[in-house]
Protein chains: 4
Amino acid sequence: MAGIKEACGVFGIYDLDGGNVVPSIYYGLTSLQHRGQESCGLAVSRTDGERGNVQFHKDLGLVSEVLREDTIRNMEGDLGIGHVRYSTTGASVAENAQPLVLSYIKGTLALAHNGNLINTPELKWELIQNGAIFHTTTDSEVIAFHVARERVHSKTVEEAVLKTARKLKGGYALVIMSPRKLIGVRDPLGLKPLCLGKRDNTYVLASESCALTSVGAEFIRDIEPGEMITISRNGIESNKELSTGKHAHCVFEYIYFARLDSMMDGVKIYDARIRGGKSLAKSYPVEADLVTGVPESGIPAAKGYSEESGIPFGFAFYKNSYIGRTFIKPTQKERESSVHLKLSVLDSAVKGKRIVLVDDSIVRGTTIANLIRMLKKAGALEVHVRISSPPFLHPCYFGTDVPSNDQLIASNHSAQEICEMIGADSLGYMQSDYLEGMAGHLPLCKACFDGKYPMDVEAELNKKIDCGC
Amino acid sequence: MAGIKEACGVFGIYDLDGGNVVPSIYYGLTSLQHRGQESCGLAVSRTDGERGNVQFHKDLGLVSEVLREDTIRNMEGDLGIGHVRYSTTGASVAENAQPLVLSYIKGTLALAHNGNLINTPELKWELIQNGAIFHTTTDSEVIAFHVARERVHSKTVEEAVLKTARKLKGGYALVIMSPRKLIGVRDPLGLKPLCLGKRDNTYVLASESCALTSVGAEFIRDIEPGEMITISRNGIESNKELSTGKHAHCVFEYIYFARLDSMMDGVKIYDARIRGGKSLAKSYPVEADLVTGVPESGIPAAKGYSEESGIPFGFAFYKNSYIGRTFIKPTQKERESSVHLKLSVLDSAVKGKRIVLVDDSIVRGTTIANLIRMLKKAGALEVHVRISSPPFLHPCYFGTDVPSNDQLIASNHSAQEICEMIGADSLGYMQSDYLEGMAGHLPLCKACFDGKYPMDVEAELNKKIDCGC
Amino acid sequence: MAGIKEACGVFGIYDLDGGNVVPSIYYGLTSLQHRGQESCGLAVSRTDGERGNVQFHKDLGLVSEVLREDTIRNMEGDLGIGHVRYSTTGASVAENAQPLVLSYIKGTLALAHNGNLINTPELKWELIQNGAIFHTTTDSEVIAFHVARERVHSKTVEEAVLKTARKLKGGYALVIMSPRKLIGVRDPLGLKPLCLGKRDNTYVLASESCALTSVGAEFIRDIEPGEMITISRNGIESNKELSTGKHAHCVFEYIYFARLDSMMDGVKIYDARIRGGKSLAKSYPVEADLVTGVPESGIPAAKGYSEESGIPFGFAFYKNSYIGRTFIKPTQKERESSVHLKLSVLDSAVKGKRIVLVDDSIVRGTTIANLIRMLKKAGALEVHVRISSPPFLHPCYFGTDVPSNDQLIASNHSAQEICEMIGADSLGYMQSDYLEGMAGHLPLCKACFDGKYPMDVEAELNKKIDCGC
Amino acid sequence: MAGIKEACGVFGIYDLDGGNVVPSIYYGLTSLQHRGQESCGLAVSRTDGERGNVQFHKDLGLVSEVLREDTIRNMEGDLGIGHVRYSTTGASVAENAQPLVLSYIKGTLALAHNGNLINTPELKWELIQNGAIFHTTTDSEVIAFHVARERVHSKTVEEAVLKTARKLKGGYALVIMSPRKLIGVRDPLGLKPLCLGKRDNTYVLASESCALTSVGAEFIRDIEPGEMITISRNGIESNKELSTGKHAHCVFEYIYFARLDSMMDGVKIYDARIRGGKSLAKSYPVEADLVTGVPESGIPAAKGYSEESGIPFGFAFYKNSYIGRTFIKPTQKERESSVHLKLSVLDSAVKGKRIVLVDDSIVRGTTIANLIRMLKKAGALEVHVRISSPPFLHPCYFGTDVPSNDQLIASNHSAQEICEMIGADSLGYMQSDYLEGMAGHLPLCKACFDGKYPMDVEAELNKKIDCGC
């Protein structure tokens, strides 16, 4: 699937025994890379103060490109945070890379943020009216500024963070590093994920449990919606003042964003996707010889479909993993063949077969149409498409970059029309009502499918504040 | 699988209608990237002579790194060749990147080469005795030099190539570009692959058929062992003077090297690997709940094992595709967890299950041992390992970089011992006799397994020529 | 001379006819490069608003390295500012490069700054008490923040700049770009230089007149101490509310910083240095055959000494202009010869001669000692050293990076002792009383020589505000 | 002066005590950088054979760019050669950078070369007829090939070099490194310079004596025209079989190429240029107030003119040394001002004065015309131009890149015409007859001025061999 992009991944770590956490941040961010490939960075400090100030490095690029050995060789600290980013607010420029590292009334503050606020204009307007200046165009700087202002009249940084969090509307997972504390906060609805792990005397916060595994930490628990966690020399403290009891986890984590080996809010992602495939098999059964998935995103649901239907699971495509990001423009003649560059058909696996082709979503419909054409050219008798999510019909305001309506085939066409347009023999979308079952009966935000937002989005949008930036 | 490396991939293209072939070379090399990731390059010319000389670019790195848009934007030609390289002879330095581009008696000659000769010392000695100088340490320069010398007394470049080929002993696939001809040669035993495709009035030569597909060309046929193909304004000509009738295709193309969607000497690689898995299931049946493969190399044979045994195929690991090549050194504590960085277990898929774990080879045994440990920690009840190739016991002299004996666990231990060392519940290696069946009953070179070399290697080695280089 | 470093150079330009000013900024910064080689940058905007936002680029490195053709090719605007930097406050990191580009209540603000404030802690403390956050460690961000805060209650950006300037203590030349205005401000004492030029309907502000020349602009006049200049569609406006009548121009501009072809506050730099040399000749006459200068900084004063004394001026050294900034460490044996790498003696010019060697200052004394040794080895009979500035004895708080006392040979040794230590036959330092004459009888700040600061520095230092950063 | 370019500089060093020579090569090449700024490189080996093979590094760029600390940190050896290049034959591509490093019958051969042969086509034809292949388009590879071929039938590498040298026609200085010998050869006419130095037990060969000084070596003597020097464990050996007694040193070394602090064939360059200026003063006296030179090339002759005429020497221009090589294109309006970017006038030094302006040559005449205009605009009353060389009228075949006739103002215009075209009040060119006096009465090649070539160039050109490359 292309077109749906996740905002970010965050990571925080504090080794209370004083060990260097830089390699762990590298591992953690590498494990969260699927959540954002545009930019990344880390900030570390030494809490005993002897080794001086916060060090940081961030830039556009993948973790393996930005955090090169020679760059981070001399970075060192027992407390640190990291970030991988795909921009949903703010331009794709190096200045917007995170973590933000700032000096404020109490020294240095570093902040990494996943999510999107819906009241940013209001929050920014308040600051700008008081003479604030902004270096970036990110929500994160707005949040940091409010923390700094609240800090003036607060006893602790936690208190300032809590006061700030009360003002924030939207979905967010924050990881904040003050000189001697690591703080994690999750929005009251639990829209964005954040979890806690431990390795010996080292505490780890991460967007997903796979990042805990990658640094050898045991998963302890998810941060609760509305919970703030503070890790310091005094150990770990929890504050749940922001909790409301109403939860709305982003359904897309279970459908697509989260890594297959992660567990999120008690649900194993692999299991959820298998269940999604099974549900599709129950809703849209078909007689077929092979169930296959569009690599990589459609594979797990295809496996589930196979398990439920009894139709054998198999591979139909080879995916070239060496496609670089800088790409030469093809001539007209070569444009068609460039589709084959990334995915090619395994002829003998599909010839003469009736195929169920599973993917997690349809955006423009051009890719799936190409794949169906390739399958049929290779001798497939029928191609039945099954999609493990409902059609997108509504914008997301909480950090998921759903394409605009005019780009979405589902905005303007019925499933029947789409089926014809892509050349499939049948087409079935996951039904919205079945999503809770897929995601382990968690309370979900499914607004992008059903338009039922878990907070009053319209009220914020109607404020029409022009913050002048 | 780690440790077994292929020499190279070659690509050649000539658009008789005069179209620019540079984008196609980019696509072709991207599709052959799995055959060599150390260096790559291309050379192109315009055969109508109006646009002047040969242009070329080559360097250490992946295709996406070396052939950047700004680099190749101004390259243009209707005739060109390309190369991806993993060094088996010659140091890993930029000077050894290919294609070789040379000026000689008839203008410019460019040459790309996959394979390894066993009589290089003799061939080089002859040249050096006559006062030759060498810029590189590759077989390819030796071959080019002989072509140039033969060219002096030959009517055509084909004649010189043919005279040269008669002297070569070993495995090779050559793609040669003279100012107005594209020539491909394959060694008489067919050790190294080379095939021919066509798109409109454009001819394509490539190590594998997947590269034809990637440029929209139809597969026409494999170049026969000992055949030389010449493509010019006069169309395509074939010369089979070098053919002997004795063939010996490298078995490792079918086990590991070739891409899953390629067809080679009439055999579909996907089918061969499925058959390999089936053969394993017949030879080493076991009661189990799940068949899985080590990503990516073990997956197809696992699928075959599943089909034959009836035990369901499924996934047990998640592979992180963002691991970069520059890697920071882990501390002792983190070393263990770094295994998890690349592959992690999908817990719910393996818990409580008896698992058949398939891979294509065992080199040192450390990786498979780690994976077995991870599976058992996640709750697997049993892990039965099946390897879709026999143990390596003999060196390869034809371009496959088999590790030396002291690094190979199979050199010093029986299968039973290895089974215990890696912590498996049972272990089965593909039997050498079954390889022909796997590879569609082609005549094979299986010398790395059985020591039966298809030419008199010992005679060459005994010559002990010190070519002084 | 090594060891004395200037803070920065600033440049601003506004083409009221709408022409693109980017090439002019490139030329201007290249002409100001001698004032700072650590980092540089530019910001431009289009005032008709049709082409959107401010574009900027800045990084560590020389102008020719940072502002490469491909980088600035797509930058465009009719209003812009630029900066070259050598850090006196703030670390040598890319984050501290200028111009600062910020969004604030009225849109975008860009600011470039030369100089150093003595009340930064107080200014920062005020902001930080109100919850400000800082991305950099520069004075410039503190100034920008005050401008933004004052802007909230001001009618125009000029008013906000003026209110801010009233709070600043120290030396500064500011160039500020708001969406439709270019503003320049000079500190009331005139410690830092700033001048105005014009080319057709284009106005230019620059630290030195040589930058005006480089863009084909005519020098109009120096900005007066305490003057604020605003250039907008309405033309040019001047505000002198900050003027006090007390001036104190930095003497080091005339001795060393400013470029030889600049004119500053009515004094031609070349003339000043010639006068300096003449003054030395009057104060310290000597019988000699040749007057020469240490390249490049000592050459003009040497010429002046020659003119006054009648002793012929000539060259004694060849300077290699290809010495790069990255330098391999020499072995002990080669260390001595590495002195020769940069400067070598022209033997035949010095052999058998009594030489007057002029330089603009002595810091550690090691370089001059080496040069004297080289001259004597080449056959010089006598070497009389003349220094065109008095000995440094006091720190500078206004932006000149004078080495600390323990590095300064003059802090701990008399002129007589230094003369012996460096192996000279005589040594004469410019006397402090003659500096005004050298600099055209301008009122000067000579505090680094005589300790008489033009403002109450001690009062500020005694405040001991720890701004927590 | 722009437009006249030197071919190259060569450097060789052998520390018989086994010390590492890499830093010395770096210093030596930095000191020879003025002879070629296009590419550079070095090759080193360890003669005791224990540390293995030849290491080398070369690329397009300046010494400070190509030989970065991280690049050469791990290079090590007691024998090495280096090269700086400006191309006169062969394209400006990285492949043509030197030293050439080759393997041949006796192991590794490295070669660095300054100069140009007139019989290259013949030499190459002979090789190519025998089946040679060429990687580069340089004379140097042709020379190396002949050495390798002669080596087959020679007892020693010196013998092969000598046999090769006998075939070469043209100007050359060669530095050759075999596994255990350092060899230097100079062409029989002595067209190209080469000298010998010593530091402890280390021998050094270099194009100019300034490179000896830079590594702390004492100048011993120039290599004689036609002499071959061999440095090995046996010490230093000289062979003068090629000497003919007829010498013809390139006059341009004395006028322009060689560094001011070098001594060449017994003549100090500084003295020669002073004499050149004096000669001009005698030939073309004028009443004036100031003698000045175009920086940097005209300065020494200006000093000589001043000494002879008694008119004071002084500066009229400031030269900006920060002009980078990548330069943005100016608009029409800014083109004029871009002249000021590199050189600007020191107004007060020229106002109201009659000026003698000295330079070493006039190529197109545009630069000197601009400078005269600038001087007059600044108030100069008269500008009398004196050129320290005769007009170019004939091509150089020995490695000096004289512009073609259509670019040379002197080809088509008399001195009187040129004087008017450039706006000078008078113009005097050095007379050809006085050049010997300037260069210490050495026998000179002045063919570019008088067309009298020291060898039968026409005969070679008439051969019209098309070597097919």
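Colleague: Which residues of helix H6 (residues 157-167) of chain D are the buried ones?
Modeller: They are Val157(D), Glu158(D), Ala160(D), Val161(D), Leu162(D), Thr164(D) and Ala165(D). Bear in mind that this is a predicted model, where local features need pLDDT of at least 70 and side-chain atom pairs count only at pLDDT 80 or more, while totals for chains, interfaces and linings use all residues. Residues are numbered from 1 along each chain as its sequence is written, and chains are lettered from A and ligands numbered from 1 in the order in which they are written.

Colleague: What covers those buried residues of H6(D)?
Modeller: The cover includes helix H5 (139-152), plus strands E7 (170-178), E8 (181-186), E12 (228-232) and E13 (235-239), of chain D. Those labels are DSSP runs counted from the N terminus: H or I of at least four residues for helices, E of at least two for strands.

Colleague: What does Asp347(B) touch, leaving aside its neighbours within four places in sequence?
Modeller: Lys268(A), Ala378(B) and Gly379(B). A contact here needs the two C-beta atoms, placed from the backbone, to lie within 7 Å. Ser238(B), on the other hand, is 109 residues along the chain from Asp347(B), with 56 Å between their C-alpha atoms.

Colleague: What makes H4(C) and H5(C) oblique?
Modeller: The axes of H4 (residues 120-129) and H5 (residues 139-152) of chain C come within 10 Å and cross at roughly 50°. Axes are lines fitted to C-alpha atoms, for helices over the stretch in contact, with angles from 0 to 180 degrees between N-to-C directions. Under 35 degrees is roughly parallel, over 145 roughly antiparallel, 65 to 115 roughly perpendicular, and the rest oblique. H4(C) and H5(C) are therefore oblique to each other.

Colleague: Which hand does that crossing of H4(C) past H5(C) have?
Modeller: Left-handed. That term applies if the near helix is turned anticlockwise from the far one by less than a right angle; clockwise would be right-handed. On the H4(C) side, Thr120(C), Leu123(C), Lys124(C) and Leu127(C) meet Asp139(C), Val142(C), Phe145(C) and His146(C) of H5(C).

Colleague: What angle do H9 and H10 of chain D make?
Modeller: H9 (residues 269-283) and H10 (residues 299-309) of chain D pack at about 50°, with axes 6 Å apart. H9(D) and H10(D) are therefore oblique too, but H9(D) passes H10(D) in a right-handed crossing.

Colleague: What makes chain A as compact as a globular protein of its length?
Modeller: Chain A has 18 helices and 23 strands. Its radius of gyration is 23 Å, close to the 23 Å that the globule rule gives for 469 residues, so chain A is as compact as a globular protein of that length. The radius is taken over C-alpha atoms, and the rule is 2.2 Å times the number of residues to the power 0.38. Of those 469 residues, 60% count as buried.

Colleague: How many residues of chain C meet chain D?
Modeller: 51 residues of chain C are in contact with 51 of chain D. The chain C side divides into 21 nonpolar, 19 polar and 11 charged residues. Nonpolar covers Ala, Val, Leu, Ile, Met, Phe, Trp, Tyr, Cys and Pro; charged is Asp, Glu, Lys and Arg; the others, Gly among them, are polar.

Colleague: What about chains B and C?
Modeller: No contact joins them, and their closest C-alpha atoms lie 11 Å apart. Chains A and D do not touch either, with nearest C-alpha atoms 11 Å apart.

Key: Buried ≥ 20, exposed ≤ 12 C-beta atoms within 10 Å, placed from the backbone.
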